[in-house]
Amino acid sequence: MQSGLYIVGTPIGNLSDMSPRAIDVLRNVDLIAAEDTRVFAKLATHFDIKTPRVSCHEHNERDVIPDLIEKLQAGVSIAAVSDAGMPGISDPGFRIVRAARDANIPVYVVPGPVAAISALVLSGFPTDRFTFCGFFDEKKLRDDNKIRHTIIYYESPNRVMATIAALARVMPERQIAIVREITKIHEQAIIGYPADLMHIEPPRGEIVIVVAPAPEHKMSDAEISEIINDVVGNSTKSAAADLARRAGISKKEAYRRMLNKGGADD
């Protein structure tokens with residue numbers, strides 16, 4: 001192996017996604033810097049990787065990285081891996097890359113799966129422009145809503161229902177995709193307006209949320225009134241659901257407008 005730092009992508013669920021190059025690099029470098037050596041041990045056992053390893057995660061990397069840089073400067077080859085996916089994408093990795101660059105050490109990338117990109121493709125939402133915002137933070141949601149193109153978040157299963165409710169309050173007119181267990185047996189994409197997904201069975205597993213671009217323009221009261229006149233023959237509940245879908249507003253807002261007769265605000 002050439003000396004230097006190798007950033008190695010690993011599977012996010014399906015071990016068959018491990019590339020032959022990634023296996024070769026991990027077998028032949030002098031040292032592996034793993035986010036969690038216990039997690040990596042399972043991958044190492046499966047692919048017969050016997051390379052020495054050291055832990056390098058967000059809580060110790062400030063102490064560990066200087067020692068790794070010294071080894072790299074001495075001609076050692078080191079591979080950095082996270083628990084799953086590409087290091088540096090909401091995972092440890094970017095600091096060691098930055099330190100290696102600052103020390104003029106060669107850095108190589110061995111590409112692998114990325115949950116954010118996989119979820120984006122699975123959502124069917126526009127991919128020409130998108131912003132990855134890392135793990136969802138409700139405090140930043142109103143600022144995030146100023147991003148008019150596709151948005152991607154990571155989220156944990158124990159918080160996802162609260163996140164859907166927050167999206168229903170702030171981004172009711174934007175469809176979302178709840179993508180879970182990517183590349184695994186129970187891979188699933190649940191798509192709809194956030195208000196319509198607030199009462200689904202709480203999704204389990206690893207979750208990515210993709211938010212569709214904002215509508216080019218919000219419908220005027222007059223335009224919404226036209227739709228109300230068109231659906232008024234249905235029951236209030238089904239008419240409100242139809243209005244919500246066609247106008248890009250939440251069911252709650254649609255129901256309120258139906259009751260207000262004609263969609264005009266008070």
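**Cysteines, a cavity and a pocket**

Cys56 has 8% relative accessibility, so this residue counts as buried. The cut-off for buried is under 20%. The model behind this value is predicted.

Cys133 makes a contrast. Its relative accessibility is 25%, and therefore Cys133 counts as partly exposed. That class lies between the 20% and 50% limits. What of bonds between cysteines? A disulfide is a covalent bond between the sulfur atoms of two cysteines. How many disulfides does the structure hold? The count is zero.

Now step back to the whole chain. It has 10 helices and 10 strands. Buried residues account for 46% of its 266 residues. Cys56 counts as buried too.

Next comes overall shape. What radius of gyration does the chain have? The value is 24 Å, whereas a compact globule of 266 residues would have one near 18 Å. Along the principal axes, the C-alpha atoms fill a box of roughly 75 × 35 × 30 Å.

Then look for empty space. Rolling a probe the size of a water molecule over the atoms shows where such space is left. How many cavities of 30 Å³ or more does the structure hold? There is one. The largest cavity has a volume of about 60 Å³.

Cys56 returns here, as one of the residues that line the largest cavity. Ala33, Glu35, Ala80 and Val81 also belong to this lining. Pro87, Pro92, Gly93 and Ile96 complete the list. By class, the cavity lining divides into seven nonpolar residues, one polar and one charged.

The largest pocket is the other space to inspect. It holds about 490 Å³ of space. Its lining comprises 22 residues. Which residues lie nearest the centre of the largest pocket? They are Ala84, Asp91, Ala115, Tyr154 and Glu206.

Strand E7 spans 150-155 and strand E10 spans 207-211. Each of them supplies at least two lining residues. The make-up of this lining is 12 nonpolar, four polar and six charged residues.

Then move to the largest pocket, with Asp91 and Tyr154 among the residues nearest its centre.

Notes
Residues are numbered from 1 along each chain as its sequence is written. This is a predicted model: local features need pLDDT of at least 70, side-chain atom pairs count only at pLDDT 80 or more; totals for chains, interfaces and linings use all residues. Side-chain values use heavy atoms; hydrogens and water are left out. On a 1 Å grid over the protein atoms alone, a cavity is a set of points where a 1.4 Å probe fits but cannot get out, and a pocket is an open set with protein on both sides within 12 Å along at least five of seven lines; lining residues have an atom within 4 Å of a point. Grid points are joined across faces, edges and corners, and a volume is the space filled by probe spheres set on the points. Helices (H or I, at least four residues) and strands (E, at least two) are DSSP runs, numbered from the N terminus. Ala, Val, Leu, Ile, Met, Phe, Trp, Tyr, Cys and Pro count as nonpolar, Asp, Glu, Lys and Arg as charged, and the others, Gly among them, as polar. A disulfide is a pair of cysteine sulfur atoms within 2.5 Å. Buried means under 20% relative accessible area, exposed over 50%, partly exposed in between (1.4 Å probe, protein chains only). The radius of gyration is taken over C-alpha atoms; the globule rule is 2.2 Å times the number of residues to the power 0.38.
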